[in-house]
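Reader: Before I look closely, could you take me through this model and tell me what lies behind each term you use?

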Amino acid sequence: MKIKAQISMVMNLDKCIGCHTCSITCKNVWTNRQGAEYMYFNNVETKPGIGYPKHWENQEKWQGGWELKNGELRLRSGSKLERLAKLFYHPDQPEMDDYYEPWTYDYETLINTKRKNHQPVARPRSLITQQRMEIKWGPNWEDDLADGQSARQDYNLKNMGTDITMEFHDLFMKYLPRVCNHCLNPACVAACPSGAIYKRDEDGVVLVSQEGCRGWRHCIPACPYKKVYFNWKTNKAEKCIFCFPRLENGLPTVCSDTCVGRLRYMGVLLYDMDKVKDAASTPHKGEIYHSMLDIIQDPFAPEVIKAAKASGVPANWLLAAQNSPVYRLIKEWQIALPLHPEYRTLPMVWYVPPLSPITRRAEADVYLPAVEDMRIPLTYLAELFAAGNTAIVSRVLQRLLDMRTFMRSRETGEKLSRKLEYDEETYLAMYRLLGIAKYKERFNIPAGLQGETKDKMRELQGSCGYNCPGGC
Amino acid sequence: MNEFMYGIMPYIALTIFVGGTIFRYTVYERNWTTKSSEFLSKRDLKWANPLFHIGLLMAFGGHCIGILVPKFVTEAAGTDEHMYHLVSLAGGLPAAVLFLGGFLLLLKRRFAASERMAVNTSNMDRLLYLVLFLTILSGTIGTVSNIPGGFDYRESISPWFRSLLLMQPDVRLMDNVPLVFQFHMLMWMLTAILFPFTRLVHCLSFPFEYLFRSNIIYRKK
């Protein structure tokens, strides 16, 4: 057993209103530079939809993630030699039009135009070529099913083998905010010919070294979530950095901090590094979720604590792991699910699936619908979060409904019709974390260097300038 | 004149080539990149770029054999001059077609096909493309014009280049070299001077080590 710590995130989709605040604050901090205009380290998609970049979930097109070939785990894009043969031209690399051409508007014409009969117009101008352009697609083109027909091309619908109607009374949709998943088995790291992408030993954040990157751009198709981007100006790869400068100071990422729905949770998970490959190689894709739960270790178990200390997890990190909001949601209560576990990268950003209103078809006069009567089809959620295993999703939704049933019975005094899965305290804690969602309870991030070097820092007080404590 | 061109200039070029590359790697590694533009213009890269690079590798291999292997070695191995010339043409002509052909396609792609490419083209790129074009063109013309085999570079250019490497340049060897080959010499020296300051450095980053490393890399802060 080799225990490592991972900073992980959970998003409670029940509360996402698709406001894009996360995307915008992230963009303003990290990607408002030339070459990075089109990049959204964090973006919000309306599902069903083809997403950003277009059709990112279609791995037959992009060859992203891992696959099992004769029981062996390997990158879908081929063996190392096969991939080196693609250095000069990568057939699976997305190009700018797969995202969109970034633009601004000629705002000055609004001020400088001469007197005319008509209102002046600020026309779009490309941020790449600086020429006038026609806007054909954008990063949130499908907001609230705006594009209409593109929603039907959602790859998950194809997997479900059903079409959806665009009739208003049967429509369903939900929002899906996406960041880099900082996977335990990251395909981008494995695909980088230069070895420039790495997983940080201390907190599991996946980073691209801007020194080491040579622009071979193999990470971009390899990431099944398309969360590594190519900067056309610096000609190097960039990706979400989980706001690591903030993490190191015990602060949550910008997207989490600014989320107006307060739906993001961040904290520490402990996992067994020795079992990562086996979990990623789980034969049946619908079971990968369970394998992922298996490698996440109980931070209270004495043997885990011992192993964690042995592999150098600091004391304050252990403490944070024991008091981790994400551990409770993911492992203790099991109400958070990974996005597309079938890509076998073992993503570490998890989602509490959304409940949705009752469908027209179910006409029972009930306050809370049954899981399968909800508007968003179970099979659709299962495609997104459980590799098609509907049992997993329906269990999670049932737990969320149970919590509501329990809280309702407390208010109304109605008797519960059946015995619920968890005890009273659990539902109250669940309600508090999901419903009240206080800042301090949503985030528990240990500041990077604190625990180990507190005494050292005192020693060094007034003695050195821009060194890090401990003298590195 | 020859004294400078073939006795001093190569050393200036090679010094800048080596020193500049080390300097850039140690000080400016952050901009050490292939400068890939596939993101901006993908379709017309599909054939042009692999063709160009295959031609380049063939041409590079041919130059290594032609310049670094002394004549007496191949002759000792039982290859007479005529035979050698045929073999070198059999390799050199296809290489020239791929190399120059691929390069022309890339030139068209960069300068005539798309507005997006223009923003990815720096002044240094323009200079580099000009120098590279003249280098490849003069090499191709040299090869083609020498099909009858009147000029034996293995009696002149090759021993001169080896004498350079041995730090005892024998400038007289270059006295009767045809003009197009002399021009080719000038161009490779210019290329070598430009090398550290352009995208060319990416050839030193060919990721051999990738074949031998583990899939997932962990690194401490």
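**How the terms fit the model**

Author: In this predicted model, 34 residues of chain B are in contact with 33 residues of chain A, two residues being in contact if their C-beta atoms, placed from the backbone, lie within 7 Å. The elements that give two or more residues to the side of chain B touching chain A are α2 (48-68), α5 (115-119) and β1 (218-219) of chain B, where helices (H or I, at least four residues) and strands (E, at least two) are DSSP runs numbered from the N terminus. Residues are numbered from 1 along each chain as its sequence is written, and chains are lettered from A in the order in which they are written. Local features need pLDDT of at least 70 and side-chain atom pairs count only at pLDDT 80 or more, while totals for chains, interfaces and linings use all residues.

Reader: What makes strand β8 of chain A and β1(B) a pair?

Author: Two strands pair if DSSP finds at least two bridges between them; 2 bridges join β8 (residues 197-200) of chain A to β1(B), so the two, which run parallel, meet that definition. Within this pairing, K199(A) stands opposite Y218(B).

Reader: How do you know that the length of helix α4 of chain B agrees with its number of residues?

Author: The expected span is 1.5 Å times one less than the number of residues, so the 33 residues of α4(B), 81-113, should span 48 Å, and the end C-alpha atoms are 45 Å apart, which agrees.

Reader: Which residues of α4(B) are called buried, and what do they pack against?

Author: A residue is buried if 20 or more other C-beta atoms lie within 10 Å of its own, exposed if 12 or fewer, and partly exposed in between. Those of α4(B) that are buried include G92(B), A96(B), F103(B) and R110(B), and the buried residues of this helix pack against α2, α5 and α6 (123-145) of chain B.

Reader: Which residues touch the most other members of the largest nonpolar core?

Author: A nonpolar core is a set of buried Ala, Val, Leu, Ile, Met, Phe, Trp, Tyr and Cys residues joined through C-beta atoms within 7 Å. Of the 118 residues in the largest one, V10(A), C188(A) and C219(A) touch the most other members. Leaving aside residues up to four places away in sequence, C219(A) touches C188(A), A191(A), C192(A), I197(A), V228(A) and A237(A). A second, separate core of 13 residues includes A59(B), A96(B), F103(B) and L132(B).
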